[in-house]
Amino acid sequence: MIEQDYQRFRQIVKGRIRADLRKFITRGELIGKEGKNLISIPVHGIEIPTFRYGDNSTGVGSGDGEEGQSVGRGESGIGTDRGGEELGQHILEVDVSLEELADILGEELQLPRIVPKGRKQLTTLRDRYSGIRRVGPESLKHFKRTYREALKRQIMLGLYDPANPTKGGGILPIKSDKRFRSWKQILAPQSNAVIVYMMDVSGSMGDEQKELVRIEAFWIDTWLRRNYKGIESRYIVHDVAAREVDKQTFYHLREDGGTKISSAFKAAKKLLDDHYDASEWNIYLFHFSDGDNCSETDSRECCRYLQEFLLPNVNLFGYCQVASAYGSGNFINVLHDQLTSAAPPHNLISNRVNTREDIYESVKSFFSKGR
(Lines give C-alpha, C1' and ligand atoms only; values in the text may rest on other atoms or scores of the structure.)
Protein backbone atom coordinates (compact mmCIF):
# COMPACT_ATOMS: atom_id res chain seq x y z
CA MET A 1 0.00 0.00 0.00
CA ILE A 2 2.84 2.36 0.89
CA GLU A 3 4.51 1.53 -2.44
CA GLN A 4 1.28 2.38 -4.30
CA ASP A 5 1.02 5.70 -2.45
CA TYR A 6 4.65 6.47 -3.23
CA GLN A 7 4.18 5.72 -6.93
CA ARG A 8 1.04 7.88 -6.98
CA PHE A 9 3.00 10.72 -5.37
CA ARG A 10 5.78 10.36 -7.97
CA GLN A 11 3.22 10.56 -10.77
CA ILE A 12 1.83 13.78 -9.27
CA VAL A 13 5.35 15.22 -9.10
CA LYS A 14 6.09 14.23 -12.71
CA GLY A 15 2.82 15.79 -13.84
CA ARG A 16 3.71 19.07 -12.14
CA ILE A 17 7.22 19.06 -13.65
CA ARG A 18 5.77 18.30 -17.08
CA ALA A 19 3.32 21.19 -16.78
CA ASP A 20 6.12 23.60 -15.86
CA LEU A 21 8.84 22.10 -18.07
CA ARG A 22 9.27 25.17 -20.25
CA LYS A 23 9.97 27.20 -17.10
CA PHE A 24 12.35 24.58 -15.68
CA ILE A 25 14.36 24.46 -18.90
CA THR A 26 15.21 28.15 -18.59
CA ARG A 27 16.47 27.87 -14.99
CA GLY A 28 20.24 27.61 -14.80
CA GLU A 29 20.23 27.04 -11.03
CA LEU A 30 18.89 23.51 -11.59
CA ILE A 31 22.27 22.55 -13.01
CA GLY A 32 23.93 23.57 -9.76
CA LYS A 33 21.64 21.17 -7.87
CA GLU A 34 22.68 18.20 -9.97
CA GLY A 35 24.02 15.25 -8.01
CA LYS A 36 25.63 12.11 -9.33
CA ASN A 37 22.38 10.75 -10.81
CA LEU A 38 19.75 13.06 -9.32
CA ILE A 39 18.66 16.65 -9.70
CA SER A 40 16.66 18.64 -7.13
CA ILE A 41 13.67 20.45 -8.59
CA PRO A 42 11.49 22.89 -6.60
CA VAL A 43 7.82 21.98 -7.10
CA HIS A 44 5.07 24.34 -5.99
CA GLY A 45 1.77 23.29 -4.45
CA ILE A 46 2.61 19.72 -3.39
CA GLU A 47 2.42 18.64 0.24
CA ILE A 48 4.96 16.19 1.68
CA PRO A 49 3.15 12.86 2.32
CA THR A 50 2.68 12.17 6.06
CA PHE A 51 1.25 9.33 8.13
CA ARG A 52 -2.07 9.96 9.85
CA TYR A 53 -3.34 7.86 12.72
CA GLY A 54 -6.94 7.24 13.73
CA ASP A 55 -9.87 9.45 12.81
CA ASN A 56 -8.52 12.61 11.24
CA SER A 57 -11.85 14.35 10.79
CA THR A 58 -11.76 16.11 14.18
CA GLY A 59 -9.37 16.68 17.02
CA VAL A 60 -6.83 19.08 18.41
CA GLY A 61 -5.45 21.36 15.75
CA SER A 62 -8.16 20.56 13.19
CA GLY A 63 -10.37 23.12 11.51
CA ASP A 64 -10.52 25.20 8.41
CA GLY A 65 -7.52 27.39 9.26
CA GLU A 66 -6.14 30.15 7.05
CA GLU A 67 -4.39 29.42 3.78
CA GLY A 68 -0.66 29.43 4.18
CA GLN A 69 -0.68 28.07 7.75
CA SER A 70 0.58 24.62 8.59
CA VAL A 71 -1.83 21.84 9.56
CA GLY A 72 -1.75 21.08 13.27
CA ARG A 73 -1.13 24.56 14.73
CA GLY A 74 -4.48 24.55 16.54
CA GLU A 75 -6.06 27.53 18.26
CA SER A 76 -3.05 28.46 20.35
CA GLY A 77 -1.27 29.88 17.33
CA ILE A 78 1.99 28.28 18.40
CA GLY A 79 4.34 28.06 15.46
CA THR A 80 2.31 30.44 13.28
CA ASP A 81 4.47 32.47 10.93
CA ARG A 82 3.78 36.11 11.74
CA GLY A 83 6.62 37.47 9.60
CA GLY A 84 4.36 38.83 6.84
CA GLU A 85 0.84 39.20 5.50
CA GLU A 86 1.27 37.43 2.15
CA LEU A 87 -0.37 34.05 1.60
CA GLY A 88 2.08 31.17 1.94
CA GLN A 89 3.04 28.84 -0.89
CA HIS A 90 4.12 25.25 -0.45
CA ILE A 91 7.45 24.62 -2.19
CA LEU A 92 8.83 21.11 -2.09
CA GLU A 93 12.24 20.20 -3.51
CA VAL A 94 11.96 16.78 -5.11
CA ASP A 95 14.89 14.64 -6.22
CA VAL A 96 14.30 13.39 -9.75
CA SER A 97 16.66 11.04 -11.57
CA LEU A 98 18.19 12.34 -14.77
CA GLU A 99 16.55 9.42 -16.61
CA GLU A 100 13.10 10.49 -15.35
CA LEU A 101 13.85 14.08 -16.31
CA ALA A 102 14.95 13.01 -19.79
CA ASP A 103 11.76 10.96 -20.23
CA ILE A 104 9.65 13.97 -19.25
CA LEU A 105 11.66 16.12 -21.67
CA GLY A 106 11.15 13.61 -24.49
CA GLU A 107 7.41 13.26 -23.85
CA GLU A 108 6.74 16.98 -23.59
CA LEU A 109 8.86 17.94 -26.62
CA GLN A 110 7.58 14.87 -28.51
CA LEU A 111 11.12 13.72 -29.19
CA PRO A 112 11.48 10.29 -30.81
CA ARG A 113 13.99 7.94 -29.24
CA ILE A 114 17.32 7.95 -31.07
CA VAL A 115 18.18 4.81 -32.98
CA PRO A 116 21.99 4.50 -32.96
CA LYS A 117 23.69 3.82 -36.25
CA GLY A 118 23.96 0.06 -36.68
CA ARG A 119 27.65 0.03 -37.47
CA LYS A 120 28.41 1.96 -34.30
CA GLN A 121 27.26 -0.77 -31.92
CA LEU A 122 29.97 -1.96 -29.54
CA THR A 123 29.18 -5.47 -28.28
CA THR A 124 30.20 -6.33 -24.73
CA LEU A 125 29.91 -9.42 -22.52
CA ARG A 126 27.84 -9.24 -19.35
CA ASP A 127 26.54 -11.76 -16.83
CA ARG A 128 22.83 -12.51 -16.62
CA TYR A 129 21.12 -14.64 -13.96
CA SER A 130 19.04 -17.22 -15.79
CA GLY A 131 17.60 -19.62 -13.17
CA ILE A 132 18.06 -21.73 -10.03
CA ARG A 133 20.20 -24.83 -9.56
CA ARG A 134 21.13 -27.20 -6.71
CA VAL A 135 24.88 -26.59 -6.74
CA GLY A 136 26.98 -23.48 -6.78
CA PRO A 137 29.20 -21.18 -4.73
CA GLU A 138 27.92 -19.79 -1.43
CA SER A 139 28.14 -16.28 -2.86
CA LEU A 140 25.29 -17.17 -5.27
CA LYS A 141 23.08 -18.90 -2.71
CA HIS A 142 19.42 -17.92 -3.03
CA PHE A 143 18.40 -17.47 0.61
CA LYS A 144 14.63 -17.27 0.04
CA ARG A 145 14.49 -20.42 -2.11
CA THR A 146 16.82 -22.27 0.29
CA TYR A 147 14.61 -21.36 3.26
CA ARG A 148 11.51 -22.48 1.38
CA GLU A 149 13.03 -25.87 0.56
CA ALA A 150 14.08 -26.39 4.19
CA LEU A 151 10.60 -25.46 5.41
CA LYS A 152 8.93 -27.87 2.94
CA ARG A 153 11.22 -30.70 4.06
CA GLN A 154 10.54 -30.14 7.76
CA ILE A 155 6.77 -29.96 7.20
CA MET A 156 6.83 -33.24 5.24
CA LEU A 157 8.84 -34.92 8.04
CA GLY A 158 6.53 -33.53 10.74
CA LEU A 159 9.36 -31.54 12.31
CA TYR A 160 7.73 -28.12 11.95
CA ASP A 161 5.39 -26.76 14.65
CA PRO A 162 3.47 -23.65 13.44
CA ALA A 163 2.63 -22.79 17.06
CA ASN A 164 6.33 -22.80 17.96
CA PRO A 165 8.40 -22.11 14.79
CA THR A 166 11.67 -21.95 16.75
CA LYS A 167 11.21 -25.40 18.25
CA GLY A 168 14.22 -27.59 17.64
CA GLY A 169 16.34 -24.65 16.52
CA GLY A 170 13.95 -23.32 13.86
CA ILE A 171 14.31 -23.81 10.11
CA LEU A 172 17.75 -25.28 9.54
CA PRO A 173 18.69 -25.90 5.88
CA ILE A 174 20.78 -28.92 5.03
CA LYS A 175 22.86 -29.49 1.91
CA SER A 176 19.95 -30.86 -0.15
CA ASP A 177 17.85 -27.74 0.63
CA LYS A 178 20.35 -25.27 -0.78
CA ARG A 179 19.49 -23.48 -4.03
CA PHE A 180 21.84 -21.29 -6.03
CA ARG A 181 21.41 -18.71 -8.74
CA SER A 182 22.64 -19.80 -12.15
CA TRP A 183 24.04 -17.37 -14.69
CA LYS A 184 25.45 -17.19 -18.17
CA GLN A 185 27.33 -14.69 -20.27
CA ILE A 186 25.36 -12.95 -22.99
CA LEU A 187 26.28 -10.53 -25.74
CA ALA A 188 24.87 -7.10 -24.95
CA PRO A 189 24.97 -4.28 -27.51
CA GLN A 190 26.33 -1.10 -25.99
CA SER A 191 25.93 2.06 -28.04
CA ASN A 192 28.63 4.64 -27.47
CA ALA A 193 28.43 8.31 -28.36
CA VAL A 194 30.64 11.36 -28.14
CA ILE A 195 29.44 14.97 -27.88
CA VAL A 196 31.85 17.67 -28.99
CA TYR A 197 30.86 21.14 -27.82
CA MET A 198 32.48 24.10 -29.59
CA MET A 199 32.09 27.72 -28.52
CA ASP A 200 33.28 31.13 -29.60
CA VAL A 201 34.95 32.77 -26.56
CA SER A 202 35.87 36.08 -28.18
CA GLY A 203 35.02 39.38 -26.52
CA SER A 204 31.46 39.54 -27.88
CA MET A 205 30.50 36.31 -26.04
CA GLY A 206 29.90 37.52 -22.49
CA ASP A 207 28.66 35.84 -19.31
CA GLU A 208 25.01 36.04 -20.37
CA GLN A 209 25.73 34.24 -23.63
CA LYS A 210 27.78 31.56 -21.86
CA GLU A 211 24.92 30.98 -19.43
CA LEU A 212 22.57 30.34 -22.37
CA VAL A 213 25.09 27.83 -23.74
CA ARG A 214 25.51 26.17 -20.33
CA ILE A 215 21.76 25.66 -19.88
CA GLU A 216 21.23 24.36 -23.41
CA ALA A 217 24.20 21.99 -23.17
CA PHE A 218 22.78 20.54 -19.93
CA TRP A 219 19.52 19.57 -21.65
CA ILE A 220 21.36 18.25 -24.71
CA ASP A 221 23.46 16.09 -22.38
CA THR A 222 20.38 14.92 -20.46
CA TRP A 223 18.58 13.73 -23.58
CA LEU A 224 21.55 12.05 -25.24
CA ARG A 225 22.58 10.22 -22.05
CA ARG A 226 19.07 8.78 -21.89
CA ASN A 227 19.54 7.33 -25.38
CA TYR A 228 23.07 5.93 -25.05
CA LYS A 229 24.78 3.70 -22.51
CA GLY A 230 28.16 5.36 -22.91
CA ILE A 231 28.68 9.10 -23.48
CA GLU A 232 31.88 11.12 -23.64
CA SER A 233 31.84 14.92 -23.75
CA ARG A 234 34.69 16.99 -25.20
CA TYR A 235 35.02 20.78 -25.26
CA ILE A 236 36.66 23.10 -27.78
CA VAL A 237 36.94 26.90 -27.47
CA HIS A 238 38.08 29.34 -30.11
CA ASP A 239 38.65 32.93 -31.02
CA VAL A 240 40.95 33.15 -34.03
CA ALA A 241 42.55 29.87 -32.91
CA ALA A 242 40.96 26.79 -31.31
CA ARG A 243 42.00 24.38 -28.58
CA GLU A 244 40.47 21.66 -26.43
CA VAL A 245 39.76 22.54 -22.78
CA ASP A 246 38.01 21.01 -19.76
CA LYS A 247 34.36 21.65 -18.93
CA GLN A 248 35.03 24.34 -16.30
CA THR A 249 37.24 26.34 -18.65
CA PHE A 250 34.76 25.95 -21.48
CA TYR A 251 32.02 27.85 -19.64
CA HIS A 252 34.17 30.54 -18.03
CA LEU A 253 36.99 31.42 -20.44
CA ARG A 254 36.76 34.75 -22.22
CA GLU A 255 39.23 36.14 -24.74
CA ASP A 256 39.62 39.58 -26.31
CA GLY A 257 40.62 38.47 -29.81
CA GLY A 258 38.66 38.17 -33.01
CA THR A 259 36.73 35.17 -34.31
CA LYS A 260 37.68 32.51 -36.84
CA ILE A 261 35.05 29.78 -36.76
CA SER A 262 36.86 27.44 -39.14
CA SER A 263 39.55 26.93 -36.49
CA ALA A 264 36.98 25.15 -34.28
CA PHE A 265 35.79 22.90 -37.12
CA LYS A 266 39.35 21.90 -37.94
CA ALA A 267 40.09 21.18 -34.26
CA ALA A 268 36.94 19.03 -34.08
CA LYS A 269 38.00 17.04 -37.14
CA LYS A 270 41.44 16.38 -35.63
CA LEU A 271 39.86 15.28 -32.34
CA LEU A 272 37.56 12.85 -34.13
CA ASP A 273 40.34 11.53 -36.37
CA ASP A 274 42.58 10.89 -33.36
CA HIS A 275 40.07 9.35 -30.92
CA TYR A 276 36.65 8.57 -32.40
CA ASP A 277 36.38 6.28 -35.40
CA ALA A 278 33.11 7.02 -37.17
CA SER A 279 32.53 3.28 -37.60
CA GLU A 280 32.48 2.78 -33.82
CA TRP A 281 30.98 5.97 -32.41
CA ASN A 282 27.78 7.96 -32.71
CA ILE A 283 29.07 11.52 -33.06
CA TYR A 284 27.30 14.75 -32.12
CA LEU A 285 28.81 18.17 -32.76
CA PHE A 286 27.36 21.42 -31.38
CA HIS A 287 28.74 24.87 -32.09
CA PHE A 288 27.71 28.02 -30.19
CA SER A 289 28.54 31.49 -31.42
CA ASP A 290 27.06 34.95 -31.85
CA GLY A 291 27.64 34.47 -35.60
CA ASP A 292 30.23 37.22 -35.93
CA ASN A 293 32.99 35.62 -38.01
CA CYS A 294 36.22 37.26 -39.19
CA SER A 295 35.30 37.21 -42.89
CA GLU A 296 32.89 35.86 -45.48
CA THR A 297 35.80 33.87 -46.85
CA ASP A 298 36.23 31.98 -43.60
CA SER A 299 32.48 31.40 -43.37
CA ARG A 300 32.56 29.78 -46.80
CA GLU A 301 35.58 27.73 -45.70
CA CYS A 302 33.49 26.51 -42.75
CA CYS A 303 30.76 25.35 -45.12
CA ARG A 304 33.27 23.50 -47.28
CA TYR A 305 34.75 21.82 -44.22
CA LEU A 306 31.31 20.78 -43.02
CA GLN A 307 30.36 19.30 -46.38
CA GLU A 308 33.60 17.43 -47.00
CA PHE A 309 34.79 16.28 -43.58
CA LEU A 310 32.26 16.61 -40.77
CA LEU A 311 28.69 16.02 -41.98
CA PRO A 312 29.50 12.68 -43.71
CA ASN A 313 30.68 11.23 -40.38
CA VAL A 314 28.33 12.59 -37.70
CA ASN A 315 24.82 11.85 -36.51
CA LEU A 316 24.10 15.53 -36.02
CA PHE A 317 25.78 18.89 -36.39
CA GLY A 318 23.89 21.52 -34.43
CA TYR A 319 24.66 25.22 -34.78
CA CYS A 320 23.14 27.53 -32.18
CA GLN A 321 23.53 31.28 -32.68
CA VAL A 322 23.08 33.33 -29.51
CA ALA A 323 22.42 37.05 -29.46
CA SER A 324 25.17 39.21 -27.94
CA ALA A 325 25.28 42.78 -26.71
CA TYR A 326 26.92 43.70 -30.01
CA GLY A 327 24.16 42.14 -32.10
CA SER A 328 24.18 38.83 -33.95
CA GLY A 329 26.45 38.14 -36.88
CA ASN A 330 25.78 36.65 -40.28
CA PHE A 331 27.15 33.09 -39.96
CA ILE A 332 23.74 31.41 -39.63
CA ASN A 333 22.64 33.08 -42.86
CA VAL A 334 25.76 31.83 -44.65
CA LEU A 335 24.94 28.29 -43.49
CA HIS A 336 21.43 28.62 -44.88
CA ASP A 337 22.58 30.06 -48.18
CA GLN A 338 25.50 27.69 -48.75
CA LEU A 339 24.17 24.41 -47.31
CA THR A 340 20.44 24.34 -46.72
CA SER A 341 18.85 26.44 -49.46
CA ALA A 342 18.83 23.76 -52.17
CA ALA A 343 19.26 20.22 -50.80
CA PRO A 344 19.73 20.59 -47.02
CA PRO A 345 21.86 17.93 -45.31
CA HIS A 346 19.67 15.71 -43.14
CA ASN A 347 22.01 16.02 -40.16
CA LEU A 348 22.60 19.79 -40.09
CA ILE A 349 20.30 21.82 -37.81
CA SER A 350 20.69 25.50 -37.00
CA ASN A 351 18.65 27.79 -34.79
CA ARG A 352 18.78 31.03 -32.82
CA VAL A 353 18.64 31.47 -29.04
CA ASN A 354 18.19 35.11 -28.11
CA THR A 355 16.78 34.53 -24.60
CA ARG A 356 16.34 31.63 -22.19
CA GLU A 357 12.79 31.16 -23.43
CA ASP A 358 14.19 30.10 -26.83
CA ILE A 359 16.09 27.11 -25.37
CA TYR A 360 12.94 24.95 -25.28
CA GLU A 361 12.38 25.20 -29.05
CA SER A 362 16.10 24.98 -29.79
CA VAL A 363 16.49 21.61 -28.05
CA LYS A 364 13.31 20.39 -29.72
CA SER A 365 14.57 21.34 -33.19
CA PHE A 366 17.88 19.52 -32.67
CA PHE A 367 16.29 16.16 -31.80
CA SER A 368 12.82 16.25 -33.37
CA LYS A 369 13.84 13.78 -36.08
CA GLY A 370 15.47 11.29 -33.71
CA ARG A 371 19.02 11.52 -35.06
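These are my notebook entries on one predicted model.

**Ground rules**

I worked from a predicted model, where local features need pLDDT of at least 70 and side-chain atom pairs count only at pLDDT 80 or more, while totals for chains, interfaces and linings use all residues. Residues are numbered from 1 along each chain as its sequence is written, and side-chain values use heavy atoms, with hydrogens and water left out.

**Overall counts**

I began with secondary structure and found 11 helices and nine strands in the chain. Helices here are DSSP runs of H or I with at least four residues, strands are runs of E with at least two, and both are numbered from the N terminus.

I then looked up burial: 42% of the 371 residues count as buried. Buried means under 20% relative accessible area, exposed means over 50%, and partly exposed lies in between (1.4 Å probe, protein chains only). The accessible surface of the chain is about 21100 Å², with 49% of it on carbon and sulfur atoms. These areas come from the Shrake-Rupley method with a 1.4 Å probe, and for residues only the protein chains shown count as cover.

I also checked the sequence range of contacts (heavy atoms within 4.5 Å). Of those between residues at least 6 apart in sequence, 80% join residues at least 24 apart.

**Nonpolar cores**

I listed the cores next, each a set of buried Ala, Val, Leu, Ile, Met, Phe, Trp, Tyr and Cys residues joined through side-chain atoms within 4.5 Å. The largest has 49 residues, and Y197, W219, L224, F250, Y284, F286 and F367 have the most contacts inside it. Helix α6 (residues 207–227) gives the largest share of this core, nine residues. A second, separate core has 30 residues, including A268, W281, L310 and L311.

In soluble globular proteins, nonpolar side chains tend to be buried together.

Apart from neighbours within four places in sequence, F367 is in contact with L111, P112, I114, I220, W223, L224, Y284, F286 and L316.

**Helix α10**

I asked which residues of α10 (residues 331–340) are buried. They include F331, I332, V334, L335 and L339. Seen down the axis, the buried residues of α10 fall within an arc of 150 degrees, so they line one face of the helix. The arc is taken over the directions from the helix axis to the C-beta atoms. These buried residues pack against α8 (262–275), α9 (296–310), β8 (316–322) and β9 (348–353).

**Strands β7 and β8**

In β7, eight of its eight residues are buried. N282, Y284, F286 and F288 point one way, and I283, L285, H287 and S289 point the other way. β7 and β8 run parallel and are joined by six bridges; two strands pair if DSSP finds at least two bridges between them. Y284 stands opposite L316 in β8.

**Strands β5 and β6**

Strand β5 (residues 230–238) has eight of its nine residues buried. β5 pairs with β6 (residues 242–245) in the antiparallel sense over four bridges. A hairpin of three residues joins the two strands, and the bridge partner of H238 in β6 is A242.

**Cysteines**

I searched the whole structure for disulfides, that is, pairs of cysteine sulfur atoms within 2.5 Å, and the search finds zero. The cysteine sulfur closest to that of C303 is in C302, 6.8 Å away, too far for a bond. C303 is buried at 2% relative accessibility. C320 is buried too, with a relative accessible area of 1%.

**Single residues**

T222 is in helix α6 and counts as buried at 7% relative accessibility. Leaving aside neighbours within four places in sequence, T222 is in contact with L98 and A102.

S279 is in the loop between α8 and β7 and is partly exposed at 28% relative accessibility. S279 and N313 are 34 residues apart in sequence and 8.6 Å apart in space, C-alpha to C-alpha.

Q110 is in the loop between α4 and β3 (121–133). Q110 is not a glycine, yet has a positive phi of about 55 degrees. Most residues other than glycine have a negative phi. I noted Q110 as exposed, with a relative accessible area of 63%.
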